[in-house]
Amino acid sequence: MQLYTPNWTHVTEFVMVGFAGVHETRLLFFTLFLTMYLFTLLENLAIIMVVILDHRLRRPMYFFLTHLSCLEIGYTSVTVPKMLTGFIGGEGGKNISYAGCLSQLFIFTFLGATECFLLAAMAYDRYVAICMPLRYGALVSWGTCIRLAGACWLVGFLTPMLPIYLMSQLTFCGSNVIDHFFCDASPLLALSCSDVTLKETTDFLVSLAVLLASSVVIAVSYSNIVWTLLHIRSAAERRKAFSTCTAHLTVVSLFYGTLFFMYVRTKVASSINFNKVVSVFYSIVTPMLNPLIYSLRNKEVKGALRRAISLKSWKGQ
């Protein structure tokens, strides 16, 4: 572990403080976060398996849902296991190499950007299904779905390239203590002894571009959906049509609300402890809630889950 010295030794390893103020209750927090993590894995794996095995769910809407579940699994797995080792692994469990830190930041940013674009693709799918149902098969074919999903993953992968390159050019020669539970950009910039103006501006512009591009697609899609629903005379048909969108709208609201707060800012840090709470919400709580939102608000998913459980119980007997 490289500590601060007067001759400014370059940092090759970071120490993530995590939740330093909960030392006396660290086992309680470890159990809480471990339970949430395992629950997230179980829920998302269940969604993936049900969609794959139930032929009734082999439609574009659920194809995108499996990709969302894969992202949620990766999103939490890149941060939570390392955070858990910080609770019970002693001082060594909090250490992370320079390369490991940049890799964690790259993967986390990649998956987060991919989720933004995937949510936009899902909004487009709902727009075509409700506003142009007669052309749905042509506009949202399986080929189109595969290309859309592939584009989401590709653009998401390219998103952190420049920010991570600029981060790798910074010099870290003072303190190596990251006041966070994972390698996020803001606490890293606070440790750099280089001029971070270019990096900070680039992060802001890239984050703004990703969030605005995806949120504009979502906003336009739902504006057209609302306009179409207002022209449906039957209240029952309106409710039925909009019920297919409520789960997606809820997920979008949770995800984008926290991301806009965290990343579309130009200052390196405000309240560090408050940032940690918000980070816990979008990196741990939201991935755990999303499968519940989709399953509880969707009769088809609930039906598929019941059929899968019934079949398993029948085979067990």
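1. Let's begin with a term: a patch is made of residues with over 30% relative accessible area and no salt bridge, where like charges are joined within 9 Å and nonpolar side chains (Val, Leu, Ile, Met, Phe, Trp, Tyr) within 5 Å. Accessible areas come from the Shrake-Rupley method with a 1.4 Å probe, and for residues only the protein chains shown count as cover. This is a predicted model, in which local features need pLDDT of at least 70 and side-chain atom pairs count only at pLDDT 80 or more, while totals for chains, interfaces and linings use all residues. Residues are numbered from 1 along each chain as its sequence is written, and side-chain values use heavy atoms, with hydrogens and water left out.

2. Now look for the nonpolar surface patch: Leu154, Val155, Phe157, Leu158 and Met161 make up about 420 Å² of it. Helix H6 (residues 142–158) gives the most to this patch, with four residues. Here helices (H or I, at least four residues) and strands (E, at least two) are DSSP runs, numbered from the N terminus. Leu158 is found in helix H6, and Leu158 counts as partly exposed because its relative accessibility is 47%. For that label, buried means under 20% relative accessible area, exposed over 50%, and partly exposed in between (1.4 Å probe, protein chains only).

3. Which residues form the positive surface patch? They are Lys240, Lys299, Lys302 and Arg306. In this count Lys and Arg are positive and Asp and Glu negative, with His and the chain ends not counted. The place of a charge is taken as NZ of Lys, CZ of Arg, CG of Asp or CD of Glu. Helix H12 (residues 299–316) gives the most to the positive patch, with three residues. Lys240, on the other hand, is found in helix H10 (residues 235–263), and Lys240 counts as exposed because its relative accessibility is 65%.

4. Salt bridges come next. A salt bridge is a side-chain nitrogen of Lys or Arg within 4 Å of a carboxyl oxygen of Asp or Glu, and by this rule the count comes to three. Lys199 pairs with Asp203, the closest N and O atoms being 2.4 Å apart. The two are four residues apart in helix H9 (residues 197–230), so about one helical turn separates Lys199 and Asp203. Lys199 is buried at 3% relative accessible area, and Asp203 is buried at 15%.

5. In another pair, Arg126 bridges to Asp125, with the closest N and O atoms 2.9 Å apart. Arg126 is buried at 9%, and Asp125 is buried at 1%. The remaining bridge joins Arg56 and Asp54, at 3.6 Å between the closest N and O atoms. Is Arg56 buried or partly exposed? Arg56 is partly exposed, because its relative accessibility is 44%, whereas Asp54 is buried at 8%.

6. Do find Phe14 in strand S1 (residues 13–16). Phe14 is buried, with a relative accessible area of 1%. Phe14 and Ser97 are 83 residues apart in sequence, yet 6.1 Å apart in space, C-alpha to C-alpha.

7. Finally, a word on the record. The unreviewed UniProt entry annotates "transmembrane region" at several spans, including residues 62–84 and 204–230; such annotations may be inferred rather than shown by experiment, and UniProt positions are given in the numbering used here, with feature names shortened. In the model, residues 62–84 are 91% helix and 0% strand, with end C-alpha atoms 32 Å apart. Residues 204–230 are 100% helix and 0% strand, with end C-alpha atoms 37 Å apart.
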